[in-house]
Structure formats: structure tokens, C-alpha cells
Amino acid sequence: MKTLRWIVSRGFTLFFLGLSIIAVVALNYDSHTLMLWFLLPFYGISLLIQTLMPKVKKPLEKGELATDLVSNGVLMIINSLQNAVLSAVFALGSSSLLIQQGWLDPHYGLSNAPLWLQVLVGVMLLDLFFYITHRMAHEIPFLWRFHSVHHCAHRVTFMNAYRAHPIDAMFRRFVPLFFVLLTGISEQALVATAVIGSVLATITHLNMDLKHGWLNYLIGTNEVHRWHHSSQYHEAKNFAIIMLWDHLFGTFYYPRKREMPDHIGLVNERHFPLHHYGKQLLVPFRWRRLKNQQAQVTDTRQALGSDMVSGTDI
């Protein structure tokens with residue numbers, strides 16, 4: 001058993017990342033087939049191993065599982081909307097609005113590049129704009145009202161990877177996707193980009209005792225991403241999935257002598273609906289009421305402290 005744990009902890013990420021590339025080619029870049037025969041089994045295996053080999057062992061909080069299940073269901077609807085939009089876009093002949101409008105010569109579209117280069121550009125560009133929108137969601141007070149829902153959980157797990165307010169989820173998905181589509185990327189390359197991105201995004205939230213070593217400095221592993229969910233502003237960095245962007249913009253944080261933040265979640269979570277999806281949907285629109293309720297707390301630290309991971313109160 002110890003040998004198996006050692007193998008899984010050190011090989012899980014690279015194995016499934018490599019397998020995702022093989023699956024994309026073997027299943028002929030078909031998004032529906034890839035979902036059925038690769039992504040769903042990958043999600044199932046991830047959830048199973050997380051259950052058998054959890055990094056953080058503690059019972060579920062009241063309402064936690066139900067909230068995460070509903071959140072995942074809503075994200076499935078958003079995924080369906082996204083796929084419908086993409087189908088309509090590619091039906092126009094080019095994914096690029098610039099080419100469709102005649103503002104860019106089709107010969108300069110990314111689809112003319114080798115497929116491997118398209119995927120590389122797609123992954124890097126998608127993550128660049130994910131970094132930008134993600135950081136905006138932390139540092140712009142209005143956007144934080146929506147993104148705070150994602151950070152209210154007390155642990156980082158597979159199940160709450162997609163705990164998010166729908167408006168926040170669409171903002172951080174559709175904006176990066178829009179800029180990737182502007183390049184004129186081919187449908188095949190976009191499918192490959194999406195599959196690889198889904199695997200990497202899932203790994204960031206796995207509650208598994210994985211050991212990545214040097215890989216922690218290249219991609220947003222779960223070891224690195226835990227710090228993003230710290231309630232301490234100076235620790236809550238690592239906005240990207242490809243760590244190049246955090247290195248370039250000075251937001252990479254990975255203390256090698258500590259494995260976990262002292263506290264995951266919001267600093268001031270009093271009156272925040274931690275595990276009630278319906279009430280979480282209303283949080284951005286009842287923000288002032290929430291702040292007024294928190295201000296009435298007699299505890300000085302909670303009354304005056306910011307609950308924003310970015311350190312900016314509203």
C-alpha cells in the first residue's frame with residue numbers, strides 16, 4: 001500500500017496530463033467522445049483517490065456537499081451554453097471575429113499553424129487571460145462580491161473546484177475564451193486546449209497528498225493552489241494555472257517549509273452563507289447588508305478586518 005501511495009503521489013499529475021494528450025489524438029478531437037471516455041472517467045478516478053487518500057481528513061460541514069453538488073450542476077449548464085456558442089462560432093467558417101469581419105487576412109489566422117503550435121498558443125493565451133480575469137476578481141471590489149463565493153469553503157477539494165457564482169464563472173470562462181477565439185484557432189486545437197486545461201484545473205483542487213517537486217514551479221498544482229485559498233492576503237497568490245504568468249507578474253507564492261495555510265476561506269465569514277447555494281447567489285446583491293451585519297459584531301478583529309482575500313474591503 002505504501003508503494004502504491006508513493007507512485008500515485010508522484011505520478012498522478014504527469015500520467016493524466018500525458019494521457020489527456022493521447023486521448024485527444026486517439027479520440028479524433030471529438031469533444032463529446034472525449035467527455036464520455038476520458039474526462040468523466042478522469043473525474044471519477046480523481047474523486048475516488050481523493051476519498052481514499054485525502055490530504056485533509058475532516059468530516060463534511062453541514063450543507064457542504066449539497067452546495068457543491070448544486071454548484072457543479074449549474075456549471076454543467078454553463079458548459080452546455082459554452083459548447084452551443086462554440087458550435088455556432090465555428091459554423092461561421094472561422095473562430096476569429098477579426099477574420100469574419102475582414103479585419104484580419106485569413107492567412108494570418110492561427111489555424112494555419114501546425115496543430116501542436118496552435119494548442120501551445122491556445123493553452124498559454126487562455127491561461128494568460130484567465131490570470132487577468134482571476135486577478136481582477138480579487139482586486140476589483142465589485143467582482144470580488146461574486147468571486148467570494150468560490151473562496152468561502154474551508155478546504156480545497158475536487159468537489160468545490162467549481163463552487164462559483166454563475167456570473168463569476170461565466171466572466172472567468174468566456175473572456176479568456178473570447179481572446180483565444182480571436183486568434184482564429186482551429187476547432188481541433190481548441191478541443192485539445194480545453195481538455196488539457198480541464199485536467200490541469202481539476203488537479204489544482206484535488207484534496208490528495210500529491211508530491212510534484214519541480215513541477216510546482218511550472219503549473220498550478222494542488223500543492224501551490226492551496227495557498228491561493230489562504231485567508232492571509234500575502235499568501236493568497238498563484239492566480240494562474242501555468243505558473244509563468246505568476247512568476248512574470250510577481251504573484252507566485254510557495255513556501256517550501258510549510259505544506260498548508262493556517263486557514264483556508266474568508267477572513268470575516270460571519271453571516272456569509274458558507275453552504276447555502278441559493279443564498280450565495282444573492283450575496284453580491286446584498287453585499288452592503290452583509291457588511292452592515294458584520295460591522296455589528298462586537299469582536300474588534302472581525303468588525304474591522306477585511307474579508308476579502310485581496311485585502312480590499314467594500
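This is a predicted model: local features need pLDDT of at least 70, side-chain atom pairs count only at pLDDT 80 or more; totals for chains, interfaces and linings use all residues.
Residues are numbered from 1 along each chain as its sequence is written, and side-chain values use heavy atoms, with hydrogens and water left out.

Q: Why are H3 and H7 called roughly parallel to each other?
A: The axes of H3 (residues 64-90) and H7 (residues 166-182) cross at roughly 25 degrees and come within 11 Å. Angles under 35 degrees count as roughly parallel, over 145 as roughly antiparallel, 65 to 115 as roughly perpendicular and the rest as oblique. So H3 and H7 are roughly parallel. As for the terms, axes are lines fitted to C-alpha atoms, for helices over the stretch in contact, and angles run from 0 to 180 degrees between N-to-C directions. Helices are DSSP runs (H or I, at least four residues), numbered from the N terminus.

Q: Which residues of H3 and H7 meet?
A: Contact means heavy atoms within 4.5 Å. On the H3 side, Val74, Leu75, Ile78 and Phe90 are among them, and on the H7 side the list includes Pro166, Met170, Arg173 and Leu181. By class, the contact of H3 with H7 has twelve nonpolar, two polar and one charged residues. Here Ala, Val, Leu, Ile, Met, Phe, Trp, Tyr, Cys and Pro count as nonpolar, Asp, Glu, Lys and Arg as charged, and the others, Gly among them, as polar.

Q: What makes H5 oblique to H8?
A: H5 (residues 115-139) and H8 pack at an angle of about 50 degrees, with their axes 9 Å apart. That angle makes H5 oblique to H8. In this contact, Leu115, Gln118 and Gly122 are among the H5 residues, with Gln188, Ala192 and Ile196 among those of H8. The contact of H5 with H8 has seven nonpolar, four polar and no charged residues.

Q: Why are H2 and H8 described as roughly parallel?
A: H2 (residues 31-52) packs with H8 at an angle of about 10 degrees, their axes 11 Å apart. H2 and H8 are therefore roughly parallel to each other. Phe38 and Tyr43 in H2 are among the residues that meet H8, where the partners include Val195 and Thr202.

Q: What makes H8 largely enclosed by the rest of the structure?
A: Buried means under 20% relative accessible area, exposed over 50%, partly exposed in between (1.4 Å probe, protein chains only). In H8, 13 of the 18 residues are buried, so H8 is largely enclosed.

Q: Does asparagine 238 count as buried or exposed, and why?
A: Asparagine 238 has 1% relative accessibility, so it counts as buried. It lies in the loop between H9 (222-228) and H10 (244-248), and has a positive phi of about 60 degrees although it is not a glycine.

Q: Why is histidine 271 called partly exposed?
A: Histidine 271 has a relative accessible area of 46%, so it is partly exposed. Histidine 271 sits in the loop between H10 and H11 (277-282).

Q: What makes glutamate 139 partly exposed?
A: Glutamate 139 has 38% relative accessibility, so it counts as partly exposed. Glutamate 139 is in H5, and its C-alpha atom is separated by 22 Å from that of histidine 271, 132 residues apart along the chain.

Key: Helices (H or I, at least four residues) and strands (E, at least two) are DSSP runs, numbered from the N terminus.
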